[in-house]
There are 2 protein chains.
Amino acid sequence: MKLRKFTIADASLERSPGQEADIFVGNLVDERQGGPITIGYGRYAPHQSLAETMAVDDVMIVLEGRLTVSTEAGTIVAGASDIVYMPKGEAVTIRTDEEGALTAYVTYPHWQPAHA
Amino acid sequence: MKLRKFTIADASLERSPGQEADIFVGNLVDERQGGPITIGYGRYAPHQSLAETMAVDDVMIVLEGRLTVSTEAGTIVAGASDIVYMPKGEAVTIRTDEEGALTAYVTYPHWQPAHA
């Protein structure tokens, strides 16, 4: 692979697989490019909720808006420029409030079940 | 590891190892936590330049300001919310203009020579 630059306009956002919520994700780099990581953008409508047990290590960088992420250990609130690290195996519930959110994400290894 | 949230205030920024430029990086997650990836923030003063051959796959998310990244194949310009993917082995020169830049980064595997 060569140097690449991506903007949100490059992402083909699709409803997060297996979910009913208005949460849309789009991979920009994944297993098709042969590298080790998946890169993409996620857009969360206001007042959405998504529960998931992490199949991979997933790093979300909040670009706009706000997210809360809950586990059995507690809840964190992340706003613009904050980083949320969701390690493999964690059971998380991601929620948005009235703002919704835009995120960038990087996963290792590839988030194949969700994005293949 | 458990769910973690980071803000720029959590990072202990230090001059990028082996460089003279006013470019400061701070790891928030690295090999010490036992996971597969390194996560951190980078702050670039205005009018700086850093040349580096990538030892790892490195994803930069621009949070503020603007960066240009050049390889022998050309130059990209990245602003807020843009993602720059610098694959292992690429020889890159990262430059800032009068704005400087704030970035979040995720590397796989750990960026050990620079951050250990």
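Predicted model: local features only at pLDDT ≥ 70, side-chain atom pairs only at ≥ 80, totals over all residues.
Helices (H or I, at least four residues) and strands (E, at least two) are DSSP runs, numbered from the N terminus. With that in hand, chain A has one helix and nine strands.

Residues are numbered from 1 along each chain as its sequence is written, chains are lettered from A and ligands numbered from 1 in the order in which they are written, and side-chain values use heavy atoms, with hydrogens and water left out.

Now for the overall build of chain A. Its C-alpha trace spans about 40 × 30 × 25 Å along the principal axes. For 116 residues, a compact globule would have a radius of gyration near 13 Å, and chain A agrees, with 13 Å. That radius is taken over C-alpha atoms, and the globule rule is 2.2 Å times the number of residues to the power 0.38.

What about the inside and the outside? Of the 116 residues in chain A, 55% are buried. Here buried means under 20% relative accessible area, exposed means over 50%, and partly exposed lies in between (1.4 Å probe, protein chains only). The accessible surface of chain A comes to about 5,000 Å², and carbon and sulfur atoms own 45% of it. Such areas come from the Shrake-Rupley method with a 1.4 Å probe; for residues, only the protein chains shown count as cover.

Contacts (heavy atoms within 4.5 Å) tell you how the chain folds back on itself. Among those in chain A between residues at least 6 apart in sequence, 65% join residues at least 24 apart.

Next, the two chains together. Chain B can be laid on chain A by a turn of 180° and a shift of 0.0 Å along the axis, with an RMSD of 0.0 Å. That's the relation of a two-fold axis. Also, the same surface serves both copies, as 100% of the contact residues of chain B recur in chain A. The superposition is done by least squares on the C-alpha atoms of residues with pLDDT of at least 70 in both copies.

Let's zoom in on some charged side chains. A salt bridge is a side-chain nitrogen of Lys or Arg within 4 Å of a carboxyl oxygen of Asp or Glu. By this rule there are 12 salt bridges over all chains. One of them joins A:Arg66 and A:Glu99, at 3.5 Å from N to O. This pair links distant parts of the chain: A:Arg66 sits in strand β6 (residues 57–71), A:Glu99 in strand β9 (residues 91–108), and they are 33 residues apart. A:Arg66 is partly exposed at 31% relative accessible area, and A:Glu99 is partly exposed too, at 47%.

B:Lys5 is partly exposed, with a relative accessible area of 31%, whereas A:Asp82 is buried at 10%.
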